[in-house]
Amino acid sequence: MAVVGIDFGTLHSKIGVARNRGIDIIVNEVSNRATPSLVAFGPKQRAIGEPAKTQETSNFRNTIGSLKRLIGRTISDPEIEIEKKYLNAKLVDVAGTVGAEVSYLGEKQTFSATQLVGMYFGKLRDITSNELKVPVTDLVIAVPGWYTDIQRRAILDAAAVAGLNVPRLINDSTAVALGYGITKSDLPEPENPRNIMFVDVGHSSMSVAVVAFSKGQLHVKSTAYDRHLGGRDIDYALLRHFAAEFKTKYKIDVLSSPKAMFRLAVGCEKLKKILSANMEAPLNVESIMNDIDASSKLSREQYEELIDDVLSRIATPLQQALADSGLTIDQIEAIELVGGTTRIPAVRSRIQAALGGKPLSTTLNQEEAIARGTTFACAFLSPTFRVRDFVIHDITHYPIKVRWEQSPADADEDTELVVFPTGNGIPSTKILTFYRKEPFDIEAEYADPSGLPGGINPWIARFTAKNVPTDPNGDLTCVKLKTRLNLHGIMSFETAYVEEVEEREEAPMEVDGEAAPPKKKRHVKKVEVPFVTYNSSLDRSIVEKFKEQEAQMHATDKLVMDTEDRKNALEEYVYDTRGKLDDRYASYVQSSEKQKLLGMLQEAEDWLYSEEGEDATKSAYVGKLDALKVVGDPIVFRFRESEERVKAIAQLRQSLNEYLSQATSSDDKYAHIDEKDKQNVVEKCATIQKWLDDQIARQAERPKNVDPVLTSADITKKRDEIIYFAVPILTKPKPKPVKVDPTPTGTPNGTQTPQSGTQTPDPGARKAEEEIPAPPEMDVD
C-alpha cells in the first residue's frame, strides 16, 4: 500500500507521499508541485490539471474550477450564486445536485460535481502512480472542517468513481496540527498541554483551530471558519475596482465580457502578489477587449482600502475559536500561519491586531503543511510504514440530533435528542435506547440548520426498524440502536438489537463431600433487529455507472494522446530526415534512394497538413511512419554503423591484445596454467585477429552508401566469443598447497589436550537467524 495524502484545494491541489523515511510533495507532469484544480472538455478529449490551465483562456466556457466548493450542493443553494462569480462554465441541475453543462466530443453534455471531482481525483491518481511506478488505490484526503455529512459522502463517492479507496477524510486544520505536532520531541505532559492556534487563510476560505499538544497526542479544542474569506475575494475586489476605472478610462465594460474578466482577474492576482513585497505595483492587460491594451497602477495604501471589507471579517473567526476553546490569548503559546493569503502584510497585521498583538509564527510550509499532515494520517493506517505513536482527538463542527415520532404508549416521551453535540470527539459511538412494540423510524439531522453552509439540506440519514421482537410479558421491547460518528466525520446507524436475558443453572460443586446448592447465572444474548437505512451517498449502481463512464473517457483521452504522439513522431521524422539527407546522411545515401525518400517525405508532409491527415487515426500515422522507415532506416543504419564500427573494432583489438599478452606472459600468476591451454588462447586470438583484418579489408572496398559487410554487431559477437573462451583459462585459480596439520602441544603422542566442560559460545553465531526485518520507520524529525 503506497502512503499518499492529498490536499484537495479550490485553486490547486498537492500530493504528498511517504518515502525515503520522510514525506515528499511530488511534482506533476510539468514538474509543478501544485496541480490546478480544473477539469476542461474539448472536441476530442478532456484536459485535467495542467493541460486544463494551459487552455483555460481559450476554452473558459468548458473549463470548470472551484470543484471543492461545488460538490455536495444543489443548484438552488444560495452559495452557488457566489461561485458563479468565479466560474464561466454553465452550472445546471444534474439529478438533484449541481453540475456543469459543457461541449464535449462535439455535443452538449452534463456532468455532476461528483463526476467532475472523480475525474480530477483520477488525474491525481495517475500523477502519483507515474511518480511511484506502482498502482495507487488508497489515499487520505484533506477536506474543510466545515464540510457537512452530504459533502463528505460526495467526496467518498467521487473517490470511488476514480477507483480509489479512502481510509480517512481528515479536516484540513487537523492535518496541519498533525504535521506540526508529530515532529515535536519536546511536547509536555497531558496535565500541562501546549496550546497552539493555527490560522489558515487560503484561496477561498479561512479556518482557525485551537489545538492542545502533549506527549504523543493532540486535542482539537475548537474550530471556527469564514467560508468566503480568501485570496479570491481580494482578487475580486481588485477586479471590480479596475473594471470601474477602465469603464471611465477606456470606455469598455469589462464585466460584460467573461473573457475580459478572466484576463483582468489574472492581472489582479499578479498585482496582489507584487504588492505583498512592494509599496506600488503596475497592472498591464494586453488586448483586454476590443483590441485595447489596458494599464494602471495601485499603491499598497489604496490596495488595503479597497479590500478593507474583506479584511474587517478576519477578526470574527479568530475570536470565536478562542472563546470556544475556553482559553485566553495568554494561554496560547504560538500562532501558526498557513495558506498563501497569509503572506499579504495587511492580512497578517489584522490577524495580529485581533489577537492582542501577539507575535505570529511561520515555522510551517504555508503551501504544503496540509498535504504533509494528510500523508502522515495515511501512514498511520498503512501496514508498510512505522510511524511514531501519535493520537489524534478531532471534533465535529456541527451538532447532530436524532428525532422520532412519539410512542403512543408514552405521551411524555421526548421526540428528539442531540446525540453528537458541537465539539464531540471523532470517532465516537453512542447507544440509543427506545421502547417500542411496532416498527419505527429515526431521522438524523443537524440540530442547527442556520449554521450550515448556504442551502445545505440538514437531513443526514434515516433508520427504519422492520420487525421489533415481542416482549414475553407483553410490555414494550427495549431496542438498542448503535450510532457512530466515524473517522470521516460521517454519522451512520450501525446496528439495532434487543437484549434477552437468560438464567442458567451451573453444575453444583462438591465441598467436603457435600453438594453445594446450584447457582443461577445471567446470560445476555443480543438479538439483531432487522432494519434499513437511507443516506445521501450515491447508490452503488450509480457509482458503478459513473465508474464505467470514467473508464471510457479515460480510454478516449489516452487514445487521443497516443494518436497525437504518433502524429508528432511522423512530423518530426519528416523534417529531421529531410534535413539530414543533405548533411550527415549525404555520404550514406544512393541517388535513387534519396529521390525516392524525398518524394515520400513530401507526400507524407502534404498528407499531414491535409484535411484527412489533420484528423486521422493512430494506425494511419503509424502506417505512414513505418512506410518511411522502410526506405529511411537502411540509410540511418549505414550512418550509425560507420560510427559504431570504429568503436567496436577498437574494443575487440584491445581485448585480443590483452588476452594475447596474458597467455604469453612469464608472470608467476599464470605459471600454473597448462601450456597447451595458453597456446589455445594464442591461436584463438590469432584466428579472430585474421578474421577482423579480412573483414576490415572487405569493408574498405565498399562505398559508404551500400550496406556494410562488417557490422558492429558482428564485431561485438566475436569479442564475446574470445572473452568466454579466454577468461576461464586465464583466471584459473592456483591449486591449494597441501596443508600439514601441526602436532598439538600438551600430550606426547599428539592427542589434543582435553578441554574444560564449559566453553564460551560465539555471541554472533545466530545473529543472522535472530534478525527479523521490520517495516521501515519514517523520519519525522
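The legends below describe close-up views of a predicted model. Local features are reported at pLDDT of at least 70 and side-chain atom pairs at pLDDT 80 or more, whereas totals for chains, interfaces and linings use all residues. Residues are numbered from 1 along each chain as its sequence is written, and side-chain values use heavy atoms, with hydrogens and water left out.

**View 1. Strand β1 and its two partners.**
Strand β1 spans residues 4–7; helices (H or I, at least four residues) and strands (E, at least two) are DSSP runs, numbered from the N terminus. Both faces of β1 are covered, with Val4 and Ile6 buried on one side and Gly5 and Asp7 buried on the other. Here buried means under 20% relative accessible area, exposed over 50%, and partly exposed in between (1.4 Å probe, protein chains only). In a regular strand the side chains alternate between the two faces of the sheet. Strand β1 pairs with β2 (residues 12–19) in the antiparallel sense over four bridges, two strands being paired if DSSP finds at least two bridges between them. A hairpin of four residues joins β1 to β2, and Asp7 has Lys14 of β2 as its bridge partner. Three bridges join β1 to β11 (residues 140–143) in a parallel arrangement, in which Ile6 stands opposite Ile141.

**View 2**
Three strands form an open sheet in the order β6-β5-β7, with antiparallel pairing. The edge strands, β6 (46–48) and β7 (63–64), each pair on one side only. Strand β5 (residues 39–41) is joined to β6 by three bridges, and Val39 has Ile48 as its bridge partner in β6. Helix α4 (residues 113–132) packs on the sheet and touches β5, β6 and β7, a contact being heavy atoms within 4.5 Å. The direction of α4 makes about 105° with that of β5; axes are lines fitted to C-alpha atoms, for helices over the stretch in contact, and angles run from 0 to 180 degrees between N-to-C directions.

**View 2. The nonpolar cores.**
The largest nonpolar core has 74 residues, and those with the most contacts inside it are Phe121 and Ile155. Such a core is a set of buried Ala, Val, Leu, Ile, Met, Phe, Trp, Tyr and Cys residues joined through side-chain atoms within 4.5 Å. Helix α4 gives the most to this core, with eight residues. Leaving aside residues up to four places away in sequence, Phe121 touches Phe8, Ile141, Ile155, Ala158, Ala159, Ala162 and Leu164. A second, separate core of 47 residues includes Ala224, Leu283, Ile332 and Leu337.

Helix α5 (residues 149–161) reaches 18 Å from its first C-alpha to its last, close to the 18 Å expected for its 13 residues. The expected span is 1.5 Å times one less than the number of residues. Eleven of the 13 residues of α5 are buried, among them Arg152, Arg153 and Ile155. Gly163, which follows α5, has a positive phi near 75°. Helix α13 (residues 369–380) has twelve residues and reaches 17 Å, close to the expected 16 Å. Ten of the twelve residues of α13 are buried, including Thr374, Thr375 and Phe376.

**View 3. Salt bridges of Glu367.**
The structure holds 45 salt bridges, each a side-chain nitrogen of Lys or Arg within 4 Å of a carboxyl oxygen of Asp or Glu. Lys14 and Glu367 meet in one of them (4.0 Å, N to O). This pair links Lys14 in β2 with Glu367 in the loop between α12 (345–354) and α13, 353 residues apart. Lys14 is buried at a relative accessible area of 6%, whereas Glu367 is partly exposed at 27%. Arg343 also meets Glu367 (2.5 Å, N to O). Arg343 lies in the loop between β18 (334–338) and α12, 24 residues from Glu367, and is partly exposed at 39%. Elsewhere, salt bridges that share partners join Arg73, Asp77, Glu79 and Arg227 into one network.

**View 4. Helix α8 and its surroundings.**
The side chains of Lys272 and Asp235 meet in a salt bridge (3.1 Å, N to O). Lys272 lies in α8 and Asp235 in α7 (residues 231–249), so the pair ties together parts 37 residues apart in sequence. Lys272 is buried at 10% relative accessible area, and Asp235 is buried at 8%. Helix α8 (residues 258–275) also holds Val266, which is partly exposed at 33%. The C-alpha atoms of Val266 and Val285 are separated by 8.8 Å.
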